[in-house]
Amino acid sequence: MSASTSAIESVLVENRVFPPSDAIARAARVSGMAGYDALCAEADKDFEGFWARLARENVRWTKPFTRTLDQSNAPFFKWFDDGELNASANCLDRHIGTPTENKDAIIFEADDGSVTRVTYKELLARVSQFANALKAHGVSKGDRVLIYMPMTVEGVIAMQACARIGATHSVVFGGFSAKAVQERIIDAGAVAVVTANFQMRGGKELPLKAIIDEALAMGGCDTIRNVFVFQRTPTACNMVAGRDKTFGEILEGQSSDCPPVAVGAEHPLFILYTSGSTGKPKGVQHSTGGYLLWAKLTMDWTFDLRPDDIFWCTADIGWITGHTYVAYGPLAAGATQIIFEGIPTFPNAGRFWQMIEKHKCTIFYTAPTAIRSLIKAAEGDAAVHPARSDLSSLRILGSVGEPINPEAWMWYHKNVGGERCPIVDTFWQTETGGHVITPLPGATPLVPGSCTLPLPGIAAAIVDEVGNDIANGTGGILVIKRPWPSMIRTIWNDPERFKKAYFPEELKGYYLAGDGAVRSADRGYFRITGRIDDVLNVSGHRMGTMEIESALVSKTDLVAEAAVVGRPDDVTGEAICAFVVLKRARPTGEEAKQIANELRNWVAKEIGPIAKPKDIRFGDNLPKTRSGKIMRRLLRSIAKGEAITQDTSTLENPAILDQLAQTN
Ligand code: PRX
């Protein structure tokens, strides 16, 4: 986003305001703006005391902490440093001996619609058994385990089992390629892989284990000793003797009792790779204590969780949302949650609404892309409209992952929320561990398209390039001025990159989110205007433009040069647009189409299908300055189909613009 875009966007004022009803406000844990203000005042008055109180109230410590925040080696902050705990005990054991133990922890709906329920007691037994199996194969505290699983109960069990023995998991989304898996195994130095033979999505059986085999065959993965394979479907898959074992084999004879291993609060609970502005994904490292506090606390604050809620977060465990609001938060809070294996459009685009009715879901949390695509589907086919389902069980709706446009917000509010459910538009990132700017359902008056206000204790602000505050109503750089418990601790294997990427010197030591934002002139509400770095957000998935460029140019027999930019898309938020110079003459017509497809498939193989460019344009060259720098802002205009109004006098080859604008 350029400064001029933010200035234009900042004048688009949204006037609709939806305050919580009196009944909702009265019943809520954080009640009315007075409740929110009181928490903010407490954090202001005694910052460390505030977090210490919440950490004592929300987390079970096996050894209580005496130090709350250690800033001596900033920005490598430490929270609750001398305390000890176990994350899995905080999600499971804490409920044993309480009425929650026999409650459903998970209602699992498979792709084919079949439903399985697992109580907290059963989940604890299954996690313990799996943890024992990991131990029996030599996995121990501090080891890294790569998890490449479908959205199933077993995926959550694998994560919880790692946490139980103090192993650090690194979940890789099941849509990533063998190459992406291999890079993550090497970077994390993983000792084992947990995967499944196949995953079921939209009635199709898609391979997982075969991709692991391919990744391991690429070399460099010598740290891997074992591959554990969940047999999701009856179809056989290749098994390497000595290395690969089925879940059935490793669980056989294992006790369902496994004492949780206490770890220090700063022990890395997980690493999750995410895209940044350079080619190589970053291994975002999270802590155990601060992270867990956040997962539990935001279930209570943002979702105002009650004992009888049926919570449903539709995110995959391969993303941060599936970590905090599937694998940890709902369990730490003792919620019953729905886990859904499939896709929202199978067997039809009414699946989400039908599932809400079927399971009497009360809190529904999804991404704007899903909402926008279901709006389109409902407009084209009344049979899949939410009106066809009884959604009266819903009480709170949530949105995450990308900006929600006011039209989609209004549709969600009216057609899904029946105009009675608050929508929490939660802004956060892989790096923040959980929500940081979000409405509280019983407190904050809602404004469509705005994530409203920071959580108590979160010092979010909008600044200029040198870290000075910017007045409300003007766009700028989103920062967080003080540390918070669930923040990223470092980039795995790369502390220098951590410092540079998130705490650049010119920003006075503030955390740089990488997003642009503007605060409304009247309420000071935040609205996220989009990434300010070379990161795209496609369907709520983060993609680095450089990552895609590297993938394209690695097709060395064909591609000479490539530049990737984003352009707005009605459904996916942003779409990937690639400008490519080939090592042969610029193709046109059918040949261009065929090569574009070849390149798309190549990118899918290098990164994953989610990174496939939607548009590919070919040129004899790219627009460059005389010093050879690619002028991306011009490419962004061409990708959008805009007339070029920028100054092009510094261009080496202005004629190239017409050529790129013509090819499609
Ligand atoms: O650009 C912001 C956008 O998603 C980015 C973070 O992506 P990721 O780490 O994959 O985490 C996604 C799930 C938390 C942010 O830098 N983003 C996330 N939530 C919102 C958002 N943009 C606008 N509004 C949101 N509610």
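1. The charged end of Arg 482 sits over the ring of Phe 47, at 3.8 Å from the ring's centre; a charge is said to sit over a ring if NZ of Lys or CZ of Arg is within 6 Å of the ring centre and within 35 degrees of the ring normal. A second case is Arg 184, whose charged end sits over the ring of Phe 176 at 4.7 Å from its centre. Please keep in mind that this is a predicted model, in which local features need pLDDT of at least 70 and side-chain atom pairs count only at pLDDT 80 or more, while totals for chains, interfaces and linings use all residues. Residues are numbered from 1 along each chain as its sequence is written, and side-chain values use heavy atoms, with hydrogens and water left out.

2. Phe 47 also belongs to one aromatic cluster, which it forms with Phe 50, Trp 51, Trp 61, Phe 65, Trp 79, Phe 80, Trp 294 and Trp 301. Rings of Phe, Tyr and Trp (for Trp, its six-membered ring) pair if their centres lie within 6.5 Å, and planes under 30 degrees apart count as stacked, over 60 as edge-to-face and the rest as tilted. By this rule there are 38 aromatic pairs. One of them joins Trp 51 and Trp 79, an edge-to-face pair with 6.4 Å from centre to centre and 85 degrees between the planes. Because Trp 51 lies in helix H4 (residues 47-58) and Trp 79 in strand E2 (residues 78-79), this pair ties together parts that are 28 residues apart in sequence. Helices (H or I, at least four residues) and strands (E, at least two) are DSSP runs, numbered from the N terminus.

3. Are the two partners of this pair buried or exposed? Trp 51 is buried, with a relative accessible area of 0%, and Trp 79 is buried with a value of 0% as well. Here buried means under 20% relative accessible area, exposed means over 50%, and partly exposed is in between (1.4 Å probe, protein chains only).

4. An unreviewed UniProt entry places the feature "domain: AMP-dependent synthetase/ligase" at residues 101-484; UniProt positions are given in the numbering used here, feature names are shortened, and annotations may be inferred rather than shown by experiment. In the model, the end C-alpha atoms of residues 101-484 lie 31 Å apart, and the span is 30% helix and 22% strand.

5. The UniProt annotation "binding site", again from an unreviewed entry, covers Val 553 and Val 559. Leaving aside neighbours within four places in sequence, Val 553 is in contact (heavy atoms within 4.5 Å) with Val 559, Ala 560, Glu 561 and Ala 562.

6. Which residues come nearest to the ligand? Of the 17 residues around the ligand, they are Thr 426, Thr 430, Asp 515, Arg 531 and Arg 542, where a residue is near a molecule or strand if one of its heavy atoms lies within 4 Å of it. An oxygen atom of the ligand is 2.4 Å from an N or O atom in the side chain of Asp 515, and a polar side-chain atom of Arg 531 lies 2.7 Å from an oxygen atom of the ligand. A polar backbone atom of Gly 401 is 3.2 Å from a ligand oxygen atom.

7. His 286 lies in strand E15 (residues 282-286) and counts as buried at 0% relative accessibility. The side chain of His 286 reaches the backbone oxygen of Thr 430 at 2.7 Å and the backbone oxygen of Ser 486 at 3.3 Å. Both are polar contacts, that is, pairs of N or O atoms within 3.5 Å; within protein, one atom must be able to donate a hydrogen and the other to accept it, and residues adjacent in sequence count only if both atoms are side-chain atoms.

8. His 137 is placed in the loop between helix H6 (120-136) and strand E6 (144-148), and at 18% relative accessibility this residue counts as buried. Leaving aside neighbours within four places in sequence, His 137 is in contact with Arg 225, Asn 226, Phe 228, Lys 245 and Ile 250.
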